[in-house]
Amino acid sequence: MARRIDVTGAGGVRLAAWEFGDPPKTDPAKDGPGEGERERGAGVLLLHGLMGRASHWASTARWLSERYRAVALDQRGHGQSDKPPRTAYTREAYVEDAEAALEQLGLGPAVLIGHAMGALTGWQLAAKRPDLVSGLIICDMRASALGAASQREWENWFKAWPTPFAALADVRKWFGEDDPWVERPNPTRGEFYVEVMHESSDGWRPVFDPEQMLESRETWVYDAHWEELTQVQCPTLVVRGLDGQLGRAEAQEMVRVLPRGEYAEVAEAGHLVHHDQPEAWRGAIEPFLDGVLADLRT
């Protein structure tokens, strides 16, 4: 079960945040020192990637909520958050939205867990506001510039979508099998895209505007983001799927550049690491989270 909390982002944009789980019950007679401090310094903010939504973190957020206050954010233009004019789709706006969420929800200092674009937002915020971020997990996001060719590929890819889809089964099949970007059948990918569709009068369409997604992406693909990594002072875990978009050499260089970087990879996982291998994903990040929480207690 998730509880919606409205947050006001940059420029007054209304954002939907989703809190998973009730605060764990603590027994002072049984708990050791610091065990009852979940309300202070044990928050987690989960940031989805481009085209994603907060519900994509549901599985992760549910087990996190056993020990942390876990909140997932529908970022601007995504999920049930507002979809303002394109001019609002800047890196600064995304970072300010996450900053506002941490402050208004009283989560900070919190661990930020970000996938793809959400990971970039996470490390940019950690560099900007170290007082709000106690730890950072970067999931399958590159620090290098992707360039104009990458943006053109995405423009052509959006044009190739056979929208509207007649049924959700068609969404599953196209994104899981027929999409030219799919090398082999991937049911998990199909389910990922089912979750970002809504029914309209002529069929199933994405809940986001593809043009706004391209505008969002344009604000980071032409630039490298190594400098911001060097400014992240909190413990940071870089996680990649073995078959994901972040290569091992680049991931390890990111770890080297980070002042307190650590590395993990998940076998038999692609870009959607936490969807492809949820148990292995948990195994990769849980020891890191335990370490961050232990540091907060000292």
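**Close-up views of a predicted model**

**View 1. Helix 7 and its cover.** Helix 2 (91-105), helix 3 (117-128) and helix 4 (147-160) are among the elements that cover the buried residues of helix 7. Those buried residues are Gln212, Met213, Leu214, Ser216, Arg217, Trp220 and Val221, where buried means under 20% relative accessible area, exposed over 50%, and partly exposed in between (1.4 Å probe, protein chains only). Helices (H or I, at least four residues) and strands (E, at least two) are DSSP runs, numbered from the N terminus. This is a predicted model, in which local features need pLDDT of at least 70 and side-chain atom pairs count only at pLDDT 80 or more, while totals for chains, interfaces and linings use all residues. Residues are numbered from 1 along each chain as its sequence is written, and side-chain values use heavy atoms, with hydrogens and water left out.

**View 2. The start of helix 7.** Look here for Asp209, which caps the N-terminal end of helix 7. One of its side-chain oxygens lies 2.9 Å from the backbone nitrogen of Glu211. From there, helix 7 (residues 210-221) runs for 12 residues and reaches 16 Å from first C-alpha to last, close to the 16 Å expected at 1.5 Å a residue; the expected span is 1.5 Å times one less than the number of residues.

View 3. Helix 3 is largely enclosed by the rest of the structure, because 11 of its 12 residues are buried. Among them are Met117, Leu120, Trp123 and Leu125.

**View 4. Trp123 and the largest nonpolar core.** Within this core of 65 residues, Leu45, Met51, Trp123 and Trp161 touch the most other members. Helix 3 supplies its largest share, 7 residues. A nonpolar core is a set of buried Ala, Val, Leu, Ile, Met, Phe, Trp, Tyr and Cys residues joined through side-chain atoms within 4.5 Å. Leaving aside residues up to four places away in sequence, Trp123 touches Leu136, Ile138, Met141, Arg142, Ala143, His225, Glu228, Leu229, Val232 and Met254; contact means heavy atoms within 4.5 Å.

Conventions. Polar contact = N/O pair within 3.5 Å; in protein donor to acceptor, adjacent residues only side chain to side chain.
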